[in-house]
Amino acid sequence: MSRPALALAFLLLPLSAAAAEPLALQCERLFEARSGKLLPARTVVVREGRIAEVLEGRVEVPGVHAVDLAGHTCLPGWTDLHVHLGSQSNPQSYSEGFRLDPVDFAYRSVGYAEKTLLAGFTSVRDLGGEIAPHLRDAVNQGLVKGPRIFAAGKSIATTGGHADPTNGYNDHLAHLIGPPGPTEGVINSIDDARQAVRQRYKDGSDVIKITATGGVLSYARSGDAPQFTVDEVKAIVETARDYGYKVAAHAHGTEGMKRAVLGGVTSIEHGTYMSDEVMRLMKQHGTWYVPTLYAGRFVAEKARVDGYFPEVVRPKAARIGAQIQDTAARAYRNGVKIAFGTDMGVGPHGDNAREFIYMVEAGIPAAEALQAATVRAAEVLGVDDQGVIETGKRADIVAVPGDPVADIQRVLEVALVMKDGVLFKQP
Ligand SMILES: [Zn+2]
């Protein structure tokens, strides 16, 4: 293809991966995610959406257009394991749900998806929200620029629990709508639990999310009460397994977290009041921890702003938000497996990379924070074709200036984003 034709191909982005030209990314350094080591100059050859070769040095490949990344470090595209692309909190969030239609939120999500991708996140796990499975399909069809989305769809909760969609409704509305059930993701028995998972399968989910304890932002008093029995969690996990689903558990309180781990979930999200006993159980069961430090700091900060949150939410935001970073530091020292997630949608989409900086502030070495969003995130997702820059894997690549292992702030300066071999941003 001639240079003008190549330029045209970029203008028409996003196209299917097959339409992308072969490219040779001439990287100054390459982050080898499995070992967490930086390799000197490498050229990554990309063909038909996949990594065709990784060559030593910054070399020209005959017939392949070169992208000069002098001074830049190439890394596998990042994965944020905890986002909500269907929303973004603001002082009007609690009333907007009554005024706006799903299609209004869907239009907003288009911009959120693009910002997330351009920040270097080529994959996300969307943990709750009915927009995400549809947004995933639109991204896959090339209609919307966004990350690869692994979508939970509606979170599974119990009555009055975090993610009961009718929390905070007045009696009249609640009576008109009636109590939500497994179809809406609210369960109160083992049979309900199975039905709720099967409904998510019917709705096109990729992963299951449960709210094992109360939550900060729900219109309810407790942020930490346990909200499922162990048997309910087990029924969800076993049914999820039938469909090849992993289960992510939102949890702040100790008892609900313990039940989720004993019930066999794949990951604990937030994990605020994680006790030593829970950490021991997580190591025993191989449970992952996704701390979402960004969300913790964001809600603690907004709790100080009058009127940002309803009064029932404010004390939870202040107390729980401030605790998460200490918990992550303790979990890291205790050897709990940590993977990367922000809970964006609480904070502003596109600012996801700041989580790396918070992880480093919590005492996690930069190389391990970068592994948490690449090779480890792929493990949490249960996929083996991404998260590393190796021959045959998906060509999901980001580049930042300088050396992000030596200076983690560099993650905020993403210069190149490639997903499935298609460039969405370049220097
Ligand atoms: Zn969340």
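D191 and R194 form a salt bridge, with 3.4 Å between the closest N and O atoms; the term stands for a side-chain nitrogen of Lys or Arg within 4 Å of a carboxyl oxygen of Asp or Glu. Both residues sit in helix α6 (residues 190–203), 3 residues apart, which is about one turn of the helix. Helices (H or I, at least four residues) and strands (E, at least two) are DSSP runs, numbered from the N terminus. D191 counts as exposed because its relative accessibility is 55%, while R194, at 30%, counts as partly exposed. Buried means under 20% relative accessible area, exposed over 50%, and partly exposed in between (1.4 Å probe, protein chains only).

This is a predicted model, in which local features need pLDDT of at least 70 and side-chain atom pairs count only at pLDDT 80 or more, while totals for chains, interfaces and linings use all residues. Residues are numbered from 1 along each chain as its sequence is written, and side-chain values use heavy atoms, with hydrogens and water left out.

The structure holds 23 salt bridges. One of them joins the side chains of K258 and E277 at 3.1 Å, N to O. K258 lies in helix α8 (residues 254–263) and E277 in helix α9 (residues 276–285), so this pair ties together parts that are 19 residues apart in sequence. K258 is partly exposed at 23% relative accessibility, and E277 is partly exposed at 34%.

Another salt bridge connects R148 and D396 at 2.7 Å, N to O. R148 is in strand β7 (residues 148–151) and D396 in the loop between α14 (375–381) and β14 (397–401), 248 residues apart. R148 counts as buried because its relative accessibility is 8%; D396 is buried too, at 3%. R148 and D396 belong to a network of salt bridges that also includes D385, R394 and D420.

Next come the aromatic rings. The structure holds 11 aromatic pairs, where rings of Phe, Tyr and Trp (its six-membered ring) pair if their centres lie within 6.5 Å; planes under 30 degrees apart count as stacked, over 60 as edge-to-face and the rest as tilted. F121 and F356 form a stacked pair, 6.4 Å centre to centre with 25 degrees between the planes. F121 is in strand β6 (residues 121–126) and F356 in helix α12 (residues 354–361), 235 residues apart. F121 is buried at 0% relative accessibility, and F356 is buried at 0% relative accessible area. With W78 and F340, these two residues form one aromatic cluster.
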